[in-house]
Amino acid sequence: MDYKIFKDFSAVNTSLLSPNFSLEDIQMYLGEGAKFKVLKSVRDAFRTALQFCNVAEGDVVLVQSLGAKTALDSVLSLKATPILIDSEASNWNISAMMIEMVINQCVVMTGVRPKAVIVKHHLGVPAFMDEVMAVCKRHQIPFIEDCIGALGAKFEDKVCGTMGQYGIYSVANPQDPTNGLGVLVHAVPEFDEFLDRHLKHDQLEHTEPLKGGFSLTDWENELERRRQIYNRYLDAFNDVKGLSFFQNKLPYIHPSNAYSPLVIDPLKFGDRREEVINAIVSAGFAGSCPFSPSLNTYEPYKKLTFYSCRVGINVGANGFVLPSQPSLTDQNVDDIIQIVFDTLNKKK
């Protein structure tokens with residue numbers, strides 16, 4: 001099983017991962033007061049944000065272990081020292097309690113606080129930003145929001161990406177459709193002039209017009225259909241023992257519900273994830289994809305320090321995203337639900 005994002009998954013989720021927005025659409029989505037720059041790549045956006053957090057060689061950066069691969073690679077490209085942090089069980093995002101614990105350990109062992117924290121809103125589900133922000137504020141550590149795939153997600157009334165010092169989104173690249181442009185949202189006024197000089201000097205800013213072939217209205221219509229599909233899956237899987245389908249039960253968390261993530265309990269059904277995915281694909285439905293595994297399990301990152309509570313490892317090993325592209329009919333979704341049940345109940 002190839003755990004990189006499948007070609008089919010990318011193809012049917014382009015509007016979520018890197019929407020073809022105009023500058024006006026980006027501004028409208030983020031809100032009138034939000035400030036942002038469009039950079040030539042997502043990696044450039046992460047590196048720039050990290051540099052403005054004064055991250056340099058050897059500095060410690062705390063990174064969410066589930067889903068934040070591009071952010072982690074950006075930290076490593078600066079020769080900084082990442083520490084991977086596991087997730088909360090309820091929303092599969094970085095644990096504020098573990099952030100606090102690691103910060104305290106860094107201070108005790110080295111006398112130096114981490115330089116930054118990177119928070120990934122995994123699969124369009126906001127992290128517990130009140131807890132994360134409280135910890136970071138208490139220790140005076142800036143944090144960066146990784147919002148790739150989190151369009152449509154909010155915490156309370158705030159759009160993800162507008163709560164930290166920096167937020168990173170991706171939009172379509174007119175010159176290179178396979179790699180998105182990086183949208184760097186920033187909320188540090190004193191850096192405005194420095195940001196302009198830095199981007200111009202390093203030629204990082206994307207200055208070509210954005211065609212905006214996929215409008216904010218198009219995206220909103222697609223998101224509404226994806227949410228209908230999500231609710232159809234929720235009704236089918238929510239009360240099934242051995243299946244965990246993400247359901248938000250908190251009034252201040254507003255997931256996008258653009259993705260439909262399902263985790264299979266191996267103690268109940270055995271190791272059946274790949275079998276289920278293959279059955280869905282064999283039936284002609286594209287867009288199913290396993291979760292990216294916890295980053296500490298990738299060969300290049302196995303030697304990195306990792307603080308685990310087993311959540312990311314379990315979810316990464318047993319979770320996958322169900323097809324949810326708007327072209328699916330209600331009958332298609334019902335067929336996929338039946339395929340999941342038939343495959344899980346089939347005797348080996």
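Contact here means heavy atoms within 4.5 Å, and helices (H or I, at least four residues) and strands (E, at least two) are DSSP runs numbered from the N terminus. The views below come from a predicted model, in which local features need pLDDT of at least 70, side-chain atom pairs count only at pLDDT 80 or more, and totals for chains, interfaces and linings use all residues. Residues are numbered from 1 along each chain as its sequence is written, and side-chain values use heavy atoms, with hydrogens and water left out.

**View A. The buried residues of helix 11 and what covers them.** Helix 11 spans residues 273-282, and its buried residues (under 20% relative accessible area, 1.4 Å probe, protein chains only) are Arg273, Glu274, Val276, Ile277 and Ile280. These residues lie on the same side of helix 11 because they cover an arc of only 160 degrees around the axis, taken from the directions from the helix axis to the C-beta atoms. Their cover includes strand 12 (260-264), strand 13 (289-290), helix 12 (311-318), strand 15 (319-322) and helix 13 (330-345). After helix 11 comes Gly284, with a positive phi near 100 degrees.

**View B. The largest nonpolar core, with Tyr169 and Leu322.** A nonpolar core is a set of buried Ala, Val, Leu, Ile, Met, Phe, Trp, Tyr and Cys residues joined through side-chain atoms within 4.5 Å. The largest one has 84 residues, and Tyr169 and Leu322 have the most contacts inside it. Helix 9 (residues 216-237) gives the most to this core, with eight residues. Leaving aside residues up to four places away in sequence, Leu322 touches Tyr233, Phe237, Phe245, Ser260, Leu262, Ile280, Gly287, Ile336 and Val340. Another core, of 31 residues, lies apart from the largest one and has Ala71, Val75, Leu84 and Tyr301 among its members.

View C. Strand 6 (residues 154-155) joins strand 11 over two bridges, and Phe155 stands opposite Ile253. In the loop between strand 6 and strand 7 look for Glu156, which has a positive phi of about 55 degrees although it is not a glycine.

**View D. Gln140, another residue with positive phi.** Gln140 sits in the loop between helix 7 (129-139) and strand 5 (143-146). Its phi is near 55 degrees, and the residue is not glycine. Gln140 counts as exposed (over 50% relative accessible area), at 64% relative accessibility.

Technical notes:
Pairing = 2+ DSSP bridges.
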